[in-house]
Amino acid sequence: MISAISRTEAFALTVLPLVLIPMVIFAGLVEYFGQMQDSVQWFSGLWLSRWAYELSLITAYDRGVEILGFNYDGSVIAFVVITFMLITFTGGLVWKLMSMDKRK
Amino acid sequence: MKDCPVCGSKNNNTAKFCVDCGRPMSQVQGDSAVITIGRGENNTVILNNPAVSNFHCELVINNGAVVINDKNSSNGVYVNGVKITSKTLKKGDVVTLGSKFVFDWEVYSASGRGLLCTTRFLFQGKTEYIIGRDPSCDRQIDNIKVSRKHCRLFLEGNSWFVEDLGSSNGTFLNGGKVAKSKVISSDILTVGGIPFSLESIVSGSKVSLGETAITAHHLVYYGGNRRLIDDISLNISPGQFVGLIGDSGAGKTTLMYLLCGINRPSGGDVKINGESIIVHPELFKGQFGYVPQDDILHRELKIIESLEFTGKLRLGHKFDRSEISEKAYEVIKKLNLKGKEDVIIGSPEKKGASGGQRKRVNLGLELMTDPGFLVLDEPTSGLDPLSDREVMQILRKSADNGQTVLLTTHNISVTNFKFLTHVIVLAQEGKLAYYGPADEACGYFGVDDPVYIFDALKRKTPDEWKNAYRKSKYFLNFSYNDAKPKPHTSMRAPALNTDFFNQVVTLVTRYFTVTVRDYERLALMLFIAPAIALLVNMLFVGEAAELKALFILVISTIWLGCSNAVREIVNERSIFKRERMVNLSIPAYLTSKMVVLLIFSFYQTTCLVGITSLNFNYSNGFGLFLILFYTSLLQLSWDC
């Protein structure tokens, strides 16, 4: 999406931190997920890293998830959210590419 | 100026086919007329064959009745197999001159236009013609859209038939695809987008690359509230090499975009061989070759690879590797690039092909599909005079082969003007100041060197130029096409490659070649994931660090995916747009991107999980790998 929306490479590279830094902040470790305010918890749900991190933790280890405030029952929801994001962004990408050859 | 005998449209005197209905123009017209037929040069219809006498016979047309008289020919005139000296012809009579020629005739009764009689002669020495690209064919057509053995014309009884020989792009008769069908002289047979008449095949006349006539009918284009193109009509015939000139901002590019269907006019119409490109843009995708001003090329590829990949992408469903490679070498030869096949295209910053060579490759991509109509945006800007001339020479050759060529240019020196057959001069505000022969342009503007045409343009207002042109003789000959065109469908564009898997394979191969060619970047991409994994192993020790280590893994996966993907589409934007105009499928394009990027993601995820698992005790390492890989897939669609 970012690459397709950007008109120049410089623009794409400048926008990138805007996406990547929240990924770091909202993943659930820098600030423990459990310690975020409710509204922030919702907001963190917009970022892929939060779901990917939760899902990876649950899969990789049998312990430690509670410390961060994640839940062992969360894997299905995380998977569904990631899949939903995948469909949305792929759809957006196709739409953007299609709109590029509209005739003026 | 002459009228088409079938639909009555105005055509250039040189037109072989009517611009509106596509019918051949070589018919004889009149309420009453005498048509003489023979080998001598003073005949109405000249048949240059030893079997025909100097003055063989005459046709007397009087109020619709057609009488044929033998003029003491050596080999005689036969009607329905009976030798005659004089006879009134009925519809369906088969006339033979000597034993060699079948004389095919037809009488039209076009209301209000008198009676028209078409005369055509079919050489009957052979009764079968194989048409195709293979040199062994009776009529070889050197065009990539024609199959090796495309179709067969044969005589059965007194009628000619055409039969498709399993060609890839099909054989079309008057616009309809046929397997086998009877052919009469007024039919137009289209093979690989190139129209023929029965006569042109059996008489052995020269076959040209394409017969694409473009007509613009009262084109108007508004940008916002400003009128950028002001009521422009044009007749461009096959084989014309037209220069489009005008001051900056006069609307050259706008007019060019309208003519090749990139932009949609606010009013008026553009027709190719009589069919509107606005109503049926999809029919003409393969018939246009639009060459953009910037060299839109993958700079990492070799010249030959660039041509081959474009060939495969556009025609790969019908042609195998060797055929496309053959075609690419043919284009290389045409472009005078022999010996430079393996030069990397490069860019001005990175050493590679020279500017002139890049321009030629840029043009070559379009030549791969032999389009009937080549449109070029400033093909020679920024070139030294020698390269400039070379490009013009190549284009002139294409035009001489029957392709229609239109280019915008700023270089209007005397030398450059000599290559052009016609010029279009635009005054400000998109008003047509002149469209006519290139060598008469100076006279029209009252200057002695074409470079002063722009100065001359400033002497009158654009409107005055527009009105002056409407009163000139050129207007009637080149611009006037008010006749109501008949719908016509004889010249369908050939099928381009729309096969999803074929496109994906070509795109993946090309994308892979491009990526691998950039050694430094490739090495870095391969190095970075193991390096991060090793750093993680080094820094994080013991159970307490598990959460942090995994956090770094997730972030790395996302981050690496980003840096791979985010440059992709934005960097290829212009290439994407150019190929979209031809036949690129968006799903195929995206799939190809995903396939290559996922191969890298696969490698990177494997490294990250594999190496860190030496240090950390994952309960489900494979599951973790799958999740991270899935994450990177999402990341790609986000970043691409």
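**Sheet, surface and buried residues in a predicted model**

In this predicted model, strand E21 of chain B, residues 189-191, pairs with E22(B) in the antiparallel sense. The pairing runs over 3 bridges. One of the residues involved is Val191(B), whose bridge partner in E22(B) is Ile194(B).

These two strands belong to an open sheet of 4 strands in chain B. The order is E19-E18-E21-E22, and the pairing is antiparallel. In general, strands of a sheet pair through backbone hydrogen bonds, either parallel or antiparallel. Strand E19 (176-178) and strand E22 (194-196) of chain B stand at the edges. Each has a single partner strand, so one side of each is left without a neighbour in the sheet. On average, neighbouring strands of this sheet are turned by 35° against each other, with direction ignored.

Ile201(B) lies in helix H1 of chain B, which covers residues 198-202. With a relative accessibility of 2%, Ile201(B) counts as buried, because the cut-off for that class is under 20%. Neighbours within four places in sequence set aside, Ile201(B) is in contact with Tyr129(B), Ile131(B), Arg139(B), Leu153(B), Leu189(B) and Phe196(B). Ile201(B) and Thr421(B) are 220 residues apart along the chain. Their C-alpha atoms are separated by 27 Å.

Backbone angles were examined next. Most residues other than glycine have a negative phi. His218(B) is not a glycine, yet its phi is positive, at about 45°. His218(B) sits in strand E23 of chain B, residues 214-223. This residue is partly exposed, with a relative accessible area of 34%. Asn336(B) also has a positive phi, near 55°, and is a residue other than glycine. Asn336(B) is placed in the loop between helix H4 (321-334) and helix H5 (355-367) of chain B. At 43% relative accessibility, Asn336(B) counts as partly exposed.

The surface carries a nonpolar patch formed by Phe512(B), Val516(B), Val595(B) and Ile599(B). Together these residues have about 270 Å² of accessible area. Two elements of chain B give two or more residues to the patch: helix H12 (500-517) and helix H16 (586-612). Within the patch, Val516(B) is found in helix H12. Is Val516(B) buried or partly exposed? Its relative accessibility is 33%, so Val516(B) counts as partly exposed.

Residues up to four places away in sequence not counted, Glu305(B) touches Thr513(B) and Arg517(B).

Where in chain A is Leu93(A) found? Its place is helix H6, residues 75-100. Leu93(A) and Ser3(A) are 90 residues apart along the chain. The separation of their C-alpha atoms is 9.3 Å.

Terms used:
Residues numbered from 1 in each chain as written. Chains lettered and ligands numbered in written order. Predicted model: local features only at pLDDT ≥ 70, side-chain atom pairs only at ≥ 80, totals over all residues. Heavy atoms only, no water. Pairing = 2+ DSSP bridges. Axes fitted to C-alpha atoms, helices over the stretch in contact; angles between N-to-C directions. Buried < 20%, exposed > 50% of the residue type's maximum accessible area, 1.4 Å probe, protein only. Patch = residues over 30% accessible without salt bridge, like charges linked within 9 Å, V, L, I, M, F, W, Y side chains within 5 Å. Areas by Shrake-Rupley, 256 points an atom, 1.4 Å probe, with all protein chains shown as cover. Salt bridge = Lys/Arg side-chain N within 4 Å of Asp/Glu carboxyl O. Contact = heavy atoms within 4.5 Å.
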